[in-house]
Amino acid sequence: MGFLRISPLLSILLLAPALGSQNSTTAPATTPPSGQTPAPPTTTMSVDVKVVTLPVTVRDKHGKIVTNLSKDDFVLEEDGKPEAIRYFNQETNLPLTVGLLVDTSMSERDNLDKERSASRTFLDQMITRPADRAFVIHFDHQVELLQDLTSDHGKLEKAVGEIDTTSAVENTPSSDQGSGGSHTRRGSGTLLYDAIFLACDELMKKQTGRKAIVVLTDGEDRGSQETLNSAIESAQRSETVVYTIYYGGHEDHDNSGFNNGGGRGGYPGGGYPGGRYPGGGYPGGGYPGGSRYPRQQENGPNGKKILQRIAQETGGRYFEVKKKDSVDDVYASIAEELRTQYMMGYTPPKDQSSGYHSIHLTTKNKDQTVQTREGYYSGQ
């Protein structure tokens, strides 16, 4: 499994040999003998090197995390061609940015008390230093940022307490502001894809270090303006690992406002902020046939498959909350992964074309399973 986005993370300084340190014992510079060319002056040149970074988790055949590997234990390919791993460590001190996305549609109403309690514990465990930050989003017929990025445990706890099936801004005008604003986007139904897109494109894209979002939902999307593909792409471009937690148990859902996948509402003003899509919708005015949304929403029995795909293509992991595996247990597993990831990187070919590139990473031990991104996007 795996995925990524190319990012200029490294700047190399190429320095010509120094002329000598200047101190009390250094002989003064002398004029070169006649007939000799003076030495060229010292120059500094900055070179941008594009690096593809990979957060990696390795498990043995029993499912236990393997933490004693070196870069020589891995085999890496991009688009089917071998690549050399140039940067490698198991760094646990990098800043951690975590986003918590909770489905508060009516289908999840019976699960919220347990989700809130477990979420408080999880965020307390993950945000342990000032450099670590988290944000909280809930989504139903709209996507609302309850708490922007912060390391303040009090603010995070307050935001988790506001996670509810009755949205705090349900009867207020819609808004979609920059970081620090309300980040509210309204539509109809359950805006799962919009929530993932917003978290990655508006918040995670600007962050560095280890980045992950955790999504608690039954996997149904009803009314998002984004598609499943664009939600996954936004995570890949922002180098964000997505952990999905299936929390089902309800089969009947409110389908009001939909007809063959069509929907009412959408983003404020009928489109994205700043006119991302001219004309108030998708390029070309919508989907074939004139419908604003796809004719068939990916929901119902496919919810699990959708969440599995999101996790797999972004390098995360899919979980199901069951009687023997509570949401607390799931959060504990995610926390363990984030603390034991390998971080590795490589430089892609200079003549590489823009667009999507697949990544295949394995270990030389066939009994081990590698969890990382399946690809990344280069260029714009």
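This is a predicted model: local features need pLDDT of at least 70, side-chain atom pairs count only at pLDDT 80 or more; totals for chains, interfaces and linings use all residues.
**Exercise 1: A covered helix**

Helix H3 is mostly covered, with 12 of its 12 residues buried.

*Solution.* Residues are numbered from 1 along each chain as its sequence is written, and side-chain values use heavy atoms, with hydrogens and water left out.

Step 1: Helices (H or I, at least four residues) and strands (E, at least two) are DSSP runs, numbered from the N terminus. Buried means under 20% relative accessible area, exposed means over 50%, and partly exposed is in between (1.4 Å probe, protein chains only).

Step 2: do the length check. The expected span is 1.5 Å times one less than the number of residues.

Step 3: look at who is buried. The list includes Leu192, Ile196 and Phe197, but also Asp194, Asp201 and Glu202.

**Exercise 2: One side of H6**

Which residues of H6 are buried, and where do they sit around the axis?

*Solution.* Step 1: check the length again. The 13 residues of H6 should span 18 Å, and the end C-alpha atoms are 19 Å apart, which agrees.

Step 1: pick out the buried residues. They are Val327, Val330, Tyr331, Ile334, Ala335, Glu337 and Leu338.

Step 2: recall the background rule. An α-helix has 3.6 residues a turn, so residues three or four places apart point the same way.

**Exercise 3: Salt bridges**

How many salt bridges does a search of the whole structure find?

*Solution.* Step 1: use the cut-off. A salt bridge is a side-chain nitrogen of Lys or Arg within 4 Å of a carboxyl oxygen of Asp or Glu. The search turns up 10 of them.

Step 1: take Glu337 and Arg59. Their closest N and O atoms are 2.6 Å apart. Glu337 lies in helix H6 (residues 327-339) and Arg59 in strand E2 (residues 44-59), so this pair ties together parts 278 residues apart in sequence. Both Glu337 and Arg59 are buried. Arg317 joins in too, as Arg59, Arg317 and Glu337 are linked in a network of salt bridges.

Step 2: take Glu220 and Arg222. This bridge is 3.1 Å from N to O, and both residues are buried.

Step 3: take Glu313 and Arg309. The closest N and O atoms are 2.8 Å apart. The two residues are four apart in helix H5 (residues 303-314), which means about one helical turn separates them. Arg309 is partly exposed, at 30% relative accessible area.

**Exercise 4: Ring pairs**

How many aromatic pairs does the structure hold? Sort two of them by geometry.

*Solution.* Step 1: apply the rule. Rings of Phe, Tyr and Trp (its six-membered ring) pair if their centres lie within 6.5 Å; planes under 30 degrees apart count as stacked, over 60 as edge-to-face and the rest as tilted. The structure holds five such pairs.

Step 1: Phe74 and Phe88 are 5.8 Å apart centre to centre, with 50° between the planes, and count as tilted. Phe74 is in strand E3 and Phe88 in strand E5, 14 residues apart. Phe74 is buried at 6% relative accessible area, whereas Phe88 is partly exposed at 26%.

Step 2: Phe122 and Tyr331 are stacked, at 4.4 Å and 15°. Phe122 belongs to helix H1 (residues 112-126) and Tyr331 to H6, so the pair ties together parts 209 residues apart in sequence. Phe122 is buried at 0% relative accessibility, and Tyr331 at 1%.

**Exercise 5: The core**

*Solution.* Step 1: define it. A nonpolar core is a set of buried Ala, Val, Leu, Ile, Met, Phe, Trp, Tyr and Cys residues joined through side-chain atoms within 4.5 Å.

Step 1: Of 32 residues, Phe122, Val214, Leu216, Ile245, Tyr331 and Ile334 touch the most other members.

Step 2: name the element. H6 gives the largest share, six residues.
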